[in-house]
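Please examine the structure shown below before reading on. A set of questions and answers then follows.

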Amino acid sequence: MPTLLIVHHTPSPNCRAMFEAVVSGATAPEIEDVRVVRRAALSATVSDVLEADGLLLGTPANLGYMSGALKHFFDQIYYPCLDETRGRPFGYYVHGGNDVTGAVRGIESITTGLGWRRAAEPVTLTGEPDRAGVEACWELGATIAAGLEA
């Protein structure tokens with residue numbers, strides 16, 4: 001059974017709403033035979049990544065960059081996973097108070113270095129997530145998970 005690993009840093013109610021929508025989409029009843037594993041960015045391990053067939057990343061934009069927790073995740077897994085995970089499909093979502101540009105640039109740069117393949121457009125939101133933003137997160141989770149179905 002393919003595994004989707006959701007690595008997230010969820011410190012705020014806005015990030016929590018996005019995370020919950022992503023999980024809801026990834027675990028929708030229509031998606032069969034995909035195991036969804038959720039890990040906080042500070043708890044995710046090299047083994048988690050190596051066992052995953054696809055990844056979904058979530059972070060707030062803090063001071064113009066991804067959260068320190070997600071950056072720590074990348075620092076921990078980069079070299080051990082570099083050759084083993086090339087081509088893995090991934091998606092991501094970012095929440096910011098007013099700008100997410102630096103966080104998006106950082107995620108894109110690191111995942112390009114890892115050789116991961118973006119399998120869906122990212123969801124980037126500022127301010128409180130509205131209905132359309134929550135739906136976009138649900139679609140992101142469903143799209144990445146459905147792409148892993150056997």
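The questions below concern a predicted model and take up a helix, the cysteines and the aromatic rings in turn.

Q: How far apart are the end C-alpha atoms of helix α3 (residues 68-81)?
A: Helix α3 has 14 residues.

Q: Which elements do the buried residues of α3 pack against?
A: The buried residues of this helix are Ala69, Leu70, Phe73, Phe74, Ile77 and Cys81. In an α-helix there are 3.6 residues a turn, so residues three or four places apart point the same way. The buried residues of α3 pack against β1 (3-8), α2 (46-51), β3 (54-62), β4 (65-66) and α4 (101-114).

Q: How many disulfides does the count come to?
A: A disulfide requires two cysteine sulfur atoms within 2.5 Å. For Cys15, the closest cysteine sulfur is in Cys137, and it is too far for a bond because the distance is 9.7 Å. Cys15 is buried, with a relative accessible area of 2%, and Cys81 is buried with a value of 0%. The count of disulfides comes to 0.

Q: Which residues form one aromatic cluster?
A: The count of aromatic pairs comes to 5. Among them, Phe73 and Phe74 form a tilted pair, 5.4 Å centre to centre with 50° between the planes, and both residues are buried. Phe90 and Tyr92, which are also buried, form a stacked pair at 6.2 Å centre to centre, with 10° between the planes. The one aromatic cluster is formed by Phe73, Phe74, Phe90, Tyr92 and Trp116.

Definitions and conventions. Residues numbered from 1 in each chain as written. Predicted model: local features only at pLDDT ≥ 70, side-chain atom pairs only at ≥ 80, totals over all residues. Heavy atoms only, no water. Helix = DSSP H or I, 4+ residues; strand = E, 2+ residues; numbered from the N terminus. Expected span 1.5 Å × (residues − 1). Buried < 20%, exposed > 50% of the residue type's maximum accessible area, 1.4 Å probe, protein only. Contact = heavy atoms within 4.5 Å. Phe/Tyr/Trp six-rings, centres within 6.5 Å; stacked < 30°, edge-to-face > 60°.
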